[in-house]
Structures are given as C-alpha cells and as structure tokens.
Amino acid sequence: MNTDNNGTNPTDGHHPVTPAAPDLKPGDEAEPGTPGAAEDLCETCGGSGKLANGKTCPECEGTGRVMRGIGGG
Ligand SMILES: [Zn+2]
C-alpha cells in the first residue's frame, strides 16, 4: 500500500543553485540595478582597489567600489 519513497526526493531540477548574479563581487551587498542599492567606496581597501600589502582587494575585486544595499526595508 505504502509505495512512496520517503527521504529520497531530489530537487526538481528547476532550482537555481546559485541565486547570486555572476558578476556579483564578494563585497557587494546587492546586485547592480537593485532598487535602493548604490555603488559605494569599498571599505576594505578604501576605494583604492588594493590592500595595504599590494594585493588586489578581494571584496571589490580591485574596482574599489561595491554595491551597498541602501534603505533596506
Ligand atoms: Zn576593495
């Protein structure tokens, strides 16, 4: 009578594994074009795009800018 396979139900395949935009940087709080979000200086590198040790800032990927979610609510 009981023929359902309990426990083993994989996702349908329509599920997006990574919801983040491909060009989103680690320091970005919002996707480009997001209403209420704006580009701002990266706090990690101070907008220079590089860290004190000369390496490229991982937060903004060297752009010196990240997307900030403003007025989130
Ligand atoms: Zn940075």
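**Before you start**

Number residues from 1 along each chain, as its sequence is written. Because the model is predicted, local features need pLDDT of at least 70 and side-chain atom pairs count only at pLDDT 80 or more, while totals for chains, interfaces and linings use all residues.

**Whole protein**

Show the cartoon. The protein has 0 helices and 2 strands. Helices (H or I, at least four residues) and strands (E, at least two) are DSSP runs, numbered from the N terminus. Select 37–41 for β1, then 65–69 for β2.

Now colour by burial. A residue is buried if 20 or more other C-beta atoms lie within 10 Å of its own, exposed if 12 or fewer, and partly exposed in between; C-beta atoms are placed from the backbone. Of the 73 residues in the protein, 15% are buried.

Turn to contacts (C-beta atoms, placed from the backbone, within 7 Å). Take those between residues at least 6 apart in sequence: 50% join residues at least 24 apart.

**The core**

Select Cys 42, Cys 45, Cys 57, Cys 60, Val 66 and Met 67. These 6 residues form the largest nonpolar core. Such a core is a set of buried Ala, Val, Leu, Ile, Met, Phe, Trp, Tyr and Cys residues joined through C-beta atoms within 7 Å. In soluble globular proteins, nonpolar side chains tend to be buried together.

**Cys 60**

Centre on Cys 60. It sits in the loop between β1 and β2. Is Cys 60 buried or exposed? Cys 60 is buried, because 26 other C-beta atoms lie within 10 Å.

Which residues does Cys 60 touch, not counting those up to four places away in sequence? Select Lys 25, Gly 27, Cys 42, Cys 45, Gly 49, Arg 65 and Val 66. Cys 42, Cys 45 and Val 66 also belong to the core you selected above. Draw a C-alpha distance from Cys 60 to Cys 45: 8.3 Å, for residues 15 apart along the chain.

Step to Glu 61, in the loop between β1 and β2. Check the backbone here. Phi is near 60°, a positive value in a residue other than glycine. Glu 61 is partly exposed, because its count of other C-beta atoms within 10 Å is 17.

Jump to Leu 24, in the segment before β1. It has 16 C-beta neighbours inside 10 Å, so Leu 24 counts as partly exposed. Leu 24 and Glu 61 are 37 residues apart in sequence, with their C-alpha atoms 10.0 Å apart.

Select Ser 48, in the loop between β1 and β2. Ser 48 is partly exposed, with 14 other C-beta atoms within 10 Å. Its C-alpha lies 8.6 Å from that of Arg 65, 17 residues along the chain.

Finish at Glu 43, in the loop between β1 and β2. With 13 C-beta neighbours inside 10 Å, Glu 43 is partly exposed. Glu 43 and Gly 27 are 16 residues apart in sequence and 9.1 Å apart, C-alpha to C-alpha.

How values were computed: Two residues are in contact if their C-beta atoms, placed from the backbone, lie within 7 Å.
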